[in-house]
Amino acid sequence: MTYLVTGGAGFIGANFVYHMLAAHPTDRIVCVDKLTYAGNLSTLEEALKNPNFRFVKADICDREAITKLFGEERPEVVVNFAAESHVDRSIENPGVFLETNILGTAVMMDVSRIFGVERFHQVSTDEVYGDLPLDRPDLFFTEETPIHTSSPYSSSKASADLLAMAYHRTYSLPVTISRCSNNYGPYQFPEKLIPLMIANALADKPLPVYGEGLNVRDWLYVEDHCKAIDLILQKGRVGEVYNIGGHNEMKNIDIVKLICKALDKPESLITHVTDRKGHDMRYAIDPAKIHGELGWLPETMFADGIQETIQWYLNNRKWWEEIISGEYQNYYQRMYGNR
Ligand SMILES: NC(=O)c1ccc[n+]([C@@H]2O[C@H](COP(=O)([O-])OP(=O)(O)OC[C@H]3O[C@@H](n4cnc5c(N)ncnc54)[C@H](O)[C@@H]3O)[C@@H](O)[C@H]2O)c1
């Protein structure tokens, strides 16, 4: 079996590549990634040593390159992680979000149709449901919750979801969609909340928290997300959406305080900065469907996962220091420049 994984040099995609190589040691994993600022080939250094793994630098919007790759690899399964993923960047510059997240997904689905893949899995987000009020802890997002987006990022992801369902209905493309809550864990780009706070705290730099930091997110350890997607690929029903969440709601400010405590840094480093435009208040997933149908449950408790994550960033300083310095962008050149 050959799996084509897009965006595998990013945070969740790379964790998924490692999960699949370990969980399906006889299968082939082909990773396509454009290596934008968020892609880091050094993350895949260990995978590149595995003969069942191939990396291809390409843009998912590049129909010709993607068609050529499908012709070479004939993948049975496509898992589409590739995306522009940072909400703040989408507020600054929506255009590239529309290109990659919508048009790129359409290209991947068109080529998947032509080559008759057995499954096209679209990795989506709980942000497509908009947000929930803080004073209604009884409310959760189910797969039936209407799409109601807030940012250019979430709107682009919702558009891709709608297109994916349309390709299923119109062309019978065997689509599944997963909508996951906030992930944390190894290899997350240090512009996102948890790694940013760890890196800044270690450098005794201010810890910028939007507004009062009361926004609530439902945090899931990345490996649990990868296992859920794998399960959907193996046992999920085509044409279905599956919500994935950790039942682990935390206020941003509490996460930052927890990181200060774990690193023995003073909370006085916390600085409150002007809130993000249109900032969603609360996300909370009801994962009853994936639990009931596929038996999935998160395995990593937040208390353990966050300690492991902090330890990972302590043990892998080179990985994130090279990102902060920009050095990681030379890795592709070093690996492939002279070939
Ligand atoms: N991070 C989260 O908490 C979270 C939660 C739910 C869903 N998601 C979704 O999971 C997916 C992965 O998120 P992430 O946090 O790993 O993102 P990320 O930004 O860390 O990685 C994205 C990857 O996609 C690649 N990419 C971007 N544009 C591309 C293009 N045009 N062609 C090929 N590759 C391209 C980048 O180089 C990068 O390697 C996204 O689709 C995101 O919407 C993320």
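Q: Is C260 buried or exposed, and what is its relative accessible area?
A: This is a predicted model, where local features need pLDDT of at least 70, side-chain atom pairs count only at pLDDT 80 or more, and totals for chains, interfaces and linings use all residues. Residues are numbered from 1 along each chain as its sequence is written, and side-chain values use heavy atoms, with hydrogens and water left out. Buried means under 20% relative accessible area, exposed over 50% and partly exposed in between (1.4 Å probe, protein chains only). C260 is buried, and its relative accessible area is 1%.

Q: How many disulfides are there, and how far from C180 is the nearest cysteine sulfur?
A: A disulfide is a pair of cysteine sulfur atoms within 2.5 Å. The structure has zero of them. For C180, the nearest cysteine sulfur belongs to C226, at 9.2 Å.

Q: Which residues touch the most other members of the largest nonpolar core?
A: A nonpolar core is a set of buried Ala, Val, Leu, Ile, Met, Phe, Trp, Tyr and Cys residues joined through side-chain atoms within 4.5 Å. The largest one holds 37 residues, and those touching the most other members are F16, L44, F53 and I244.

Q: Which residue of β4 is the bridge partner of L4?
A: Strands (E, at least two residues) are DSSP runs, numbered from the N terminus, and two of them pair if DSSP finds at least two bridges between them. β1 and β4 are parallel, with four bridges. The partner of L4 is V78.
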